[in-house]
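Please read the following numbered points alongside the model.

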Amino acid sequence: MSGLSLNESKNPKDAPPDHQWTLPDRATTKISEANTAGVSESGFVAPLFSPWEAEQRIENLREFDVADVGSKQWMAQHEALEQLNLQAHQSAQGNQDEFVIEALVTLDKVRLLVHELLATEAWRLHLFPRLKGALAELKATMRGYFCLYHEATLVNLLSICLHHAHVTEALGESAVELVDYLARRMVELNSKGKEWSARGVDAPTDTKEMAAKIDAMTPLSELEDQSVEVNFQACVGCATVVRYLIEHVNTLPLSVLTRMVDTHDILLTLIPIIENPPWTRRTPEGKWQKLIDDKWKTVEPAELLTLTKTEGQMWLALFHFICNAEIQKRYHFNSFRKGQLLRARKYINEVLLDQLPVLADVQRFMDELALMEAPEPSGARESGALMMEQVATTTEKLVRQRDWDELAKEQLEKIFRWVCHPTHAVAHPTTPSPPIHQPTNQPINHSTIQPFNQSTNQSVLKVM
């Protein structure tokens with residue numbers, strides 16, 4: 001046996017059996033073998049890191065305030081969440097042990113993801129419009145892009161986690177604020193989705209024209225373009241999260257159901273998206289394109305009725321909303337709600353039912369609803385109901401009584417201006433941050449920084 005590994009034993013009976021973690025135990029220079037290193041015959045892909053490493057990353061996760069978004073510690077956590085997101089998706093796609101999701105539940109970090117999502121949203125809404133001009137001047141657009149993309153990362157991670165009912169249950173009361181966030185995103189998708197999806201439809205195909213267009217872009221226009229793209233990705237990801245929250249709403253507190261049904265009326269946000277989906281577009285040449293796996297792909301007209309994953313999520317969200325017994329007890333159809341729901345009836349045909357047979361129950365419900373005489377909508381005062389709702393404490397803590405102009409100045413000096421310091425790229429992680437009064441660029445004249453203009457949605461931070 002000397003000179004032979006166990007897997008190269010002369011007697012095959014002496015070799016241990018191969019399993020899904022079996023890796024090559026000898027060096028190889030063959031391309032065919034090198035490409036499959038870490039992949040078993042069953043298609044198993046080696047994880048990016050071990051469960052112990054995942055637990056270590058998850059245990060180190062902590063809540064950040066809006067003022068800390070973009071800082072050195074925040075960027076380290078962003079990198080960790082990116083890796084956890086990749087591993088969670090790899091485990092789900094390979095039908096492997098989902099140790100990332102289980103560690104998030106065990107260490108009670110699921111609610112932290114919601115907090116970080118709300119903090120990043122607050123930064124995008126209140127600080128980014130004030131900072132984007134200065135970020136472009138300081139050439140710190142990459143750090144700004146990471147701050148924007150963090151929101152899409154968290155939505156993507158939640159979409160894979162909330163597939164499991166026990167993870168949704170771990171949200172607890174924080175699911176109320178997640179429903180608020182999703183409602184805002186669905187409204188945004190309804191109002192701006194078609195405008196966002198039309199971007200790039202007339203992009204030049206010629207290499208020289210494309211290079212000329214890129215050269216003509218300024219750092220500010222490039223950052224704004226990236227912001228719109230990330231917003232669209234996050235909104236599309238929210239469609240999956242909405243479906244899972246509706247599906248597992250029975251595992252959540254009653255306040256979540258109340259928020260979903262009474263406060264936001266999620267059903268009325270789903271119908272316009274089904275009727276006019278932002279993930280389908282038509283090019284000036286007359287070709288149809290669909291958003292498949294975050295990429296626009298041309299489809300033949302005969303394949304337009306073939307559902308994509310995102311389209312299927314919307315229909316499944318509608319199914320779970322209508323067929324959930326608890327929601328049926330609380331959701332009362334009036335003439336307006338009836339008319340809005342029946343707008344989707346014409347899209348349920350044999351082709352759709354072949355792909356999603358469960359929609360037969362939705363079709364039957366709509367047929368029965370069409371025959372029912374629904375009452376006219378009435379307000380809460382007319383019905384004599386006492387309306388009470390839970391306050392979104394996390395959002396209140398993050399955005400209430402904040403001087404956003406002053407906070408923008410502080411972030412510009414302490415976070416984004418330090419990024420441009422020439423020693424930052426080579427500084428050791430333990431090296432303290434360079435003093436604020438020692439930047440390489442000219443000092444900022446704070447007297448020239450004006451308040452944010454809400455009406456024009458323009459950045460007014462200028463680097464003098």
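Predicted model: local features only at pLDDT ≥ 70, side-chain atom pairs only at ≥ 80, totals over all residues.

1. R124 belongs to helix α5, helices here being DSSP runs of H or I of at least four residues and strands runs of E of at least two, both numbered from the N terminus. With a relative accessibility of 8%, R124 is classed as buried; the classes are buried under 20% relative accessible area, exposed over 50% and partly exposed in between, with a 1.4 Å probe and protein chains only. R124 lies 9.7 Å from G144, C-alpha to C-alpha, at a sequence separation of 20 residues.

2. Residues are numbered from 1 along each chain as its sequence is written, and side-chain values use heavy atoms, with hydrogens and water left out.

3. Two residues of helix α3 may be taken together. A80 is in α3 and is buried at 12% relative accessibility; its C-alpha atom is separated by 8.4 Å from that of L61, 19 residues away along the chain. L81 is likewise in helix α3 and is buried, at 1% relative accessibility.

4. Of the 21 residues of α6, 15 are buried, which leaves the helix mostly covered.

5. The largest pocket contains about 1,100 Å³ of space. A pocket is an open set of points on a 1 Å grid over the protein atoms alone, with protein on both sides within 12 Å along at least five of seven lines, and lining residues have an atom within 4 Å of a point. Grid points are joined across faces, edges and corners, and a volume is the space filled by probe spheres set on the points. The lining of the largest pocket comprises 32 residues, and H89, N156, S159, D293 and D294 lie nearest the centre. Two or more lining residues come from each of α3 (72-93), α6, α10, β2 (288-292) and α13 (309-323). By class, the lining has twelve nonpolar, 15 polar and five charged residues; Ala, Val, Leu, Ile, Met, Phe, Trp, Tyr, Cys and Pro count as nonpolar, Asp, Glu, Lys and Arg as charged, and the others, Gly among them, as polar.

6. How many cavities of 30 Å³ or more does the whole structure hold? The search finds one, a cavity being a set of grid points where a 1.4 Å probe fits but cannot get out. The largest cavity holds about 40 Å³ of space. Its lining consists of V179, L182, V242, L245, I246, M260 and I266. Helices α8 (174-197) and α10 (219-247) are the elements giving two or more residues to this lining, and α10 provides the largest share, three residues. The lining residues are seven nonpolar, no polar and no charged.

7. The structure has zero disulfides, a disulfide being a pair of cysteine sulfur atoms within 2.5 Å. The sulfur of C235 has its closest cysteine sulfur in C238, at 5.9 Å, too far for a bond. C235 is buried at 0% relative accessibility, and C147 is buried at 1%.

8. Most residues other than glycine have a negative phi. N95, not a glycine, has a positive phi of about 55°; N95 lies in the loop between α3 and α4 (99-106) and is exposed, at 73% relative accessibility. D108 also has a positive phi, near 55°. D108 sits in the loop between α4 and α5 (110-138) and is partly exposed, with a relative accessible area of 42%.
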